[in-house]
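Please follow the aromatic side chains and the nonpolar core through the structure shown here.

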Amino acid sequence: MNTPTYFSRRSVLGLAGLGAGAALLGGCGDDGSGDSGDGGGSATIDWWHISNVDPMLTTWANLAKDFQTANSGVEIKITPLENEAFKAKLTTVTQAGTPPDIFHSWGGGVLKQQVEAGLVKELDLGDAAADINKNGLDIYKVDGKQYGVPFDLGMVGFWYNKELFEKAKIASPPATWGEFVTAVGKLKAAGVTPIALAGSESWTAHFYWAYLAIRIAGVDGLAAAAADGSFDQPDFVAAGARFKELIDLDPFQKGFLGAKYSATDGQSAIMGNGQAAIELMGQWAPTTEAAYSTTKKGIGDKLGFFPFPAVDGGKGSVEDAFGGGNGFALGKDAPPQATEFIKFLLTADSQRKGASSDSILPVTKGAEDALKDANLKSVHAAIAKAPKFQLYLDQAYPPAVGTQVNDSVAELVAKKATPEKVAQDIAKVAKNQ
C-alpha cells in the first residue's frame, strides 16, 4: 500500500466550495452526446486520477493500454494529478461546465452537489454491480441513482502496538468501550503513552465521536439526524460523553493539540516510532506510519488492528463500519465507452492488479485474494461483513455540517466544550441546511 490516495480522504474538504460554484451553472446538464451505443466505436476518454506515484500510477496506465488494445478506436488520455493540483484543476473545469469524462471522486456530499449542478451523469453498471461491494456503491448514489463507483473501500479502526500492549499486560484487544477505557488506564500505569493524536487537524478526532455515534445511535440514527438536523438528541450527547470519558484520562501524547498527522513529529511518526500504543485511523495507517518513522519501516509485525469496540446498550452493531474510499465519477458528456472502461477497471482481474501491491482494498468479489498484508486482509474482511457502512461525516454531510462536526469535536478534545454543546452546535448548523 503506497499511494497518496490513502490519505487523500481529507482533500474532499477542499472541494467543498466546488459545489457552491458549480451550482451556479444551473443549465449545464447532460446534452445526451454520450447516451447512445453500447460502448463500441471510436472515442477519446479524458481520465483524471490522483494516483500520481507508483505502483498505482503504472497500474492505471497499463490497464488503460489493455482496454485500448481490446477496443480499437478508443483512446484514453490520462492526467495524473497530485491531490491539491487535482482539486484546483477540477474546480476550474467544473465551474466552466466542462468536467473530464472520468475523474476521481470520494462520493458523499460533494458528489451530490455535482449531480444537482448537472455536472455528472448516471452510471449503469448492469450485471457488474452484483459483484461490487454494496456499501461502496451506496456512497456514490444520489437519490437512489448511481453517479459514481468505488475502486477501493477502507475503514477506520484501531491500529495498535502489540509489544506495548504486552508491556501493559493487556491480553487481547478490547471488545467494548469500557474495556478500551480500562486498557488506556493500564497503558498509562505502565508508563506508555496510550494514544497518538494529531490535535491540530480536527478530522482525526472526529473519528472518535463519529464511531461512538455509530455504536450508540446506529447508522440509521445518524441518517435520521442528517435528514432533520436532530444531532442534539440524547444519543449524540451520549457519544460526546463517552468520548469525554477518554479525554479526561489525558491519554494523548504531550503537545498533541499542536501535532499534525503527517509530520516527522506527528501522529503517524509517533506510532511508527513505537512511542504510543494506539491510533484510530484508516487503512492507510501502516504506510503513513512507516513513511514518517525514523527507519522508514514503522514497527513492522508489531502492528495490529482491531475494529472499534461495541458500546453497551447502543443501537449499532459492532460490525457496522465507518470509513470511505476512492472512486470515479463520469462527467456529464462522457461517451458510452467511458462506462465500459469503468466496468473494466472493476473486473476482478483489474482489481487484483491494484490489490497485489496492497495499494487498494478491492471492492470486487474475488479480488481480495491478491492482498498480501495481513492487517489489510483483516480490514477487508471486516468491511466485507459489515451490515451497514457510514461514510466519513465530513464527506457524507453538506460541507458546513461536516466542518462543524470537526470543529465541535476539536473543542471537546481541547476541553473547551461540553458534550451537550457539541451536539447543540452541530444540530444548529444541520437544521439550517
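Two rings of Phe, Tyr or Trp, the last taken by its six-membered ring, are counted as a pair if their centres lie within 6.5 Å, and the pair is called stacked if the planes are under 30 degrees apart. In this predicted model, a search of the whole structure finds 32 aromatic pairs.

One of these pairs joins Trp177 and Phe180, which are stacked with 5.3 Å from centre to centre and 25 degrees between the planes. Because the two residues stand three places apart in helix H7 (residues 177-189), about one helical turn separates Trp177 from Phe180, and both of them are buried. Trp177 also pairs with Phe308, and since the ring centres are 5.6 Å apart and the planes meet at 20 degrees, this pair too is stacked. Trp177 belongs to helix H7 whereas Phe308 lies in the loop between strand S9 (303-306) and strand S10 (321-330), so the pair ties together parts that are 131 residues apart in sequence. Trp177 and Phe308 are both buried.

A ring can also face a charge: the charged end of Lys89 sits over the ring of Trp48, 5.0 Å from the centre of that ring.

In soluble globular proteins, nonpolar side chains tend to be buried together. Here the largest nonpolar core holds 129 residues, among which Trp209, Phe231 and Phe243 touch the most other members, and helix H8 (residues 202-228) supplies the largest share of this core, with 15 residues. Setting aside neighbours within four places in sequence, Phe231 is in contact with several residues, including Trp209, Leu222, Phe236, Tyr397 and Ile426.

Definitions and conventions
Residues numbered from 1 in each chain as written. Predicted model: local features only at pLDDT ≥ 70, side-chain atom pairs only at ≥ 80, totals over all residues. Heavy atoms only, no water. Core = buried A, V, L, I, M, F, W, Y, C linked by side-chain atoms within 4.5 Å. Buried < 20%, exposed > 50% of the residue type's maximum accessible area, 1.4 Å probe, protein only. Helix = DSSP H or I, 4+ residues; strand = E, 2+ residues; numbered from the N terminus. Contact = heavy atoms within 4.5 Å. Phe/Tyr/Trp six-rings, centres within 6.5 Å; stacked < 30°, edge-to-face > 60°. Lys NZ or Arg CZ within 6 Å of the ring centre and 35° of its normal.
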